[in-house]
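Good morning, and thank you for coming. I would ask you to look at the model on the screen while I speak.

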Amino acid sequence: AALFRDAQGRVLLVEPNYRAGWALPGGTIESDTGESPRQGARRETLEEIGLDRELGRLLAVDWVLGPDRPPLVAYVYDGGVLDEDDLGAIRLQESELLSWRLVPREELTGHLLGELGHRVLAALDALDDGSVAELEDGRPAR
């Protein structure tokens with residue numbers, strides 16, 4: 001996934017049409033092509049919101065054990081700050097997304113379900129302090 005912000009620090013979220021809640025732009029890698037997590041996040045960002053941007057550093061990695069899916073590893077990369085032109089250029093992938101919005105930090109957990117909310121907050125903290133958050137189900141790994 002890519003963590004994009006605006007000049008006010010609000011986080012860009014997208015609303016999928018195939019599940020409840022909101023998400024960061026980005027998605028699943030195409031493992032049969034040898035695509036890396038970074039390449040997958042960039043490709044998915046282009047497909048989902050129409051922005052082709054080189055992603056910055058890794059902010060968070062999260063080992064997620066879902067009750068109804070195989071375990072997965074989620075990566076969050078710094079997408080950078082979007083200006084008004086970037087925001088105006090957003091074009092949603094209508095087959096997967098209903099809408100997008102910019103959400104202040106204090107409202108993120110109201111939009112993001114479960115471990116995703118914790119993952120995004122940890123990625124924001126890592127952005128601020130220069131670290132990489134190592135997580136398990138959205139919580140700091142111990």
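This is a predicted model: local features need pLDDT of at least 70, side-chain atom pairs count only at pLDDT 80 or more; totals for chains, interfaces and linings use all residues.

**The largest pocket**

β4 makes the greatest contribution to the lining of the largest pocket, with 6 residues. Residues are numbered from 1 along each chain as its sequence is written, and side-chain values use heavy atoms, with hydrogens and water left out.

A pocket here is an open set of points on a 1 Å grid over the protein atoms alone, where a 1.4 Å probe fits, with protein on both sides within 12 Å along at least five of seven lines; lining residues have an atom within 4 Å of a point. Helices (H or I, at least four residues) and strands (E, at least two) are DSSP runs, numbered from the N terminus.

The largest pocket has a volume of about 860 Å³, a volume being the space filled by probe spheres set on the points, which are joined across faces, edges and corners. Its lining comprises 30 residues, and G27, T28, L72, A74 and R119 lie nearest the centre. Two or more lining residues come from each of β2 (11-16), α1 (37-49), β4 (72-81) and α4 (115-129).

Let us turn to the core. The largest nonpolar core has 35 residues, and L3, L13, I49, L108 and V120 have the most contacts inside it. Such a core is a set of buried Ala, Val, Leu, Ile, Met, Phe, Trp, Tyr and Cys residues joined through side-chain atoms within 4.5 Å, where buried means under 20% relative accessible area with a 1.4 Å probe, protein chains only. α4 gives the most to this core, with 7 residues. Setting aside neighbours within four places in sequence, L13 is in contact (heavy atoms within 4.5 Å) with residues including W22, L24, W100, V103 and L108.

What does Q93 touch, not counting residues up to four places away in sequence? Q93 touches E47 and E48. Q93 is found in the loop between α2 (84-88) and β5 (97-103), and is buried, with a relative accessible area of 18%.

Finally, the chain as a whole. The chain has 4 helices and 7 strands, and of its 142 residues, 42% count as buried. Along its principal axes, the C-alpha trace spans about 40 × 35 × 25 Å.

Methods:
Buried means under 20% relative accessible area, exposed over 50%, partly exposed in between (1.4 Å probe, protein chains only).
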